[in-house]
Amino acid sequence: MSAPPEVPAIVSRAFDVSLRAGYASFCRNETGRLLATLAATRGGTMAEFGTGCGVGTAWLRSGVRPGTTILSAELDADLATAAQEIFVDDPQVEVLAADWSTLRNKGPYSLLFLDPSVPQDASVEAVADLVEPGGMVVLDDFAPCEIWPPITNGRVDTLREGWLSDERFTAVEVMVASDATVLVATRR
Ligand SMILES: C[S@@+](CC[C@H](N)C(=O)[O-])C[C@H]1O[C@@H](n2cnc3c(N)ncnc32)[C@H](O)[C@@H]1O
């Protein structure tokens with residue numbers, strides 16, 4: 001194991017809330033540690049599209065610098081309420097019960113964490129202007145793929161191909177576990 005097994009207290013709290021809500025769709029700990037590490041390099045405002053029960057938000061929060069803020073939007077009102085509970089006394093985190101597009105006009109962001117299934121269009125074209133120059137986009141929930149162009153479910157994965165080859169970004173596919181990959185793209 002390359003990292004301590006304990007998770008930060010705020011993440012532990014988010015797990016408790018998820019458990020009580022019977023919700024189990026959240027980023028892996030390996031991804032969470034990457035999010036925390038990247039968050040620690042950021043200033044300004046970070047955003048998350050699709051809060052779930054706040055586990056990813058909590059990982060971001062665990063790395064955040066003083067003065068940096070996190071905005072996270074969750075469409076499901078019950079999940080948003082559960083996640084809001086975690087950060088109720090935290091001036092650096094705001095969870096909105098809203099469609100992700102509510103955050104469109106609150107950027108540009110220094111880091112944007114999204115599950116590609118959340119916006120209807122998670123392409124570079126749709127997302128690029130939401131991040132500031134030098135800002136990072138972290139796309140969760142890919143499966144490792146060692147060929148080019150990348151193939152998912154027997155088809156060319158044009159979303160992944162786009163993020164890894166667009167000239168507006170410098171991007172890398174990070175294999176966080178043997179069965180899980182995250183894309184990290186930094187806006188030039
Ligand atoms: C995979 S979960 C997110 C997990 C979270 N990012 C984490 O790592 O803990 C995806 C979430 O996106 C939410 N969602 C789906 N469509 C959405 C939309 N249009 N706007 C905001 N949230 C949305 C779903 O309700 C679900 O809770």
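Begin by selecting Cys27 together with the ligand: a polar backbone atom of Cys27 stands 3.0 Å from an oxygen atom of the ligand, a polar contact in the sense used here, that is, a pair of N or O atoms within 3.5 Å. Of the accessible area of 610 Å² that the ligand exposes when taken alone, the protein buries 84%, areas being computed by the Shrake-Rupley method with a 1.4 Å probe.

Before going further, note that this is a predicted model, in which local features need pLDDT of at least 70 and side-chain atom pairs count only at pLDDT 80 or more, while totals for chains, interfaces and linings use all residues. Residues are numbered from 1 along each chain as its sequence is written, and side-chain values use heavy atoms, with hydrogens and water left out.

Next, select Asp99 and Trp100. A polar side-chain atom of Asp99 lies 2.9 Å from a nitrogen atom of the ligand, and a backbone N or O atom of Trp100 is likewise 2.9 Å from a nitrogen atom of the ligand.

Move on to the aromatic rings, of which the structure holds three pairs, a pair having ring centres within 6.5 Å. Select Phe15 and Phe26, whose rings are 5.3 Å apart centre to centre with 55° between the planes, a tilted pair, since planes under 30 degrees apart count as stacked, over 60 as edge-to-face and the rest as tilted. Phe15 belongs to helix H1 (residues 9–21), whereas Phe26 is in the loop between H1 and helix H2 (29–39).

Finish with the backbone. The peptide bond from Gly107 to Pro108 is cis, with omega near 0°, and Pro108 is found in the loop between strand E3 (93–97) and strand E4 (109–114). The bond from Trp148 to Pro149 is also cis. In strand E5, select Asp141, a residue other than glycine whose phi is positive, near 75°.

Conventions:
Polar contact = N/O pair within 3.5 Å; in protein donor to acceptor, adjacent residues only side chain to side chain. Phe/Tyr/Trp six-rings, centres within 6.5 Å; stacked < 30°, edge-to-face > 60°. Helix = DSSP H or I, 4+ residues; strand = E, 2+ residues; numbered from the N terminus.
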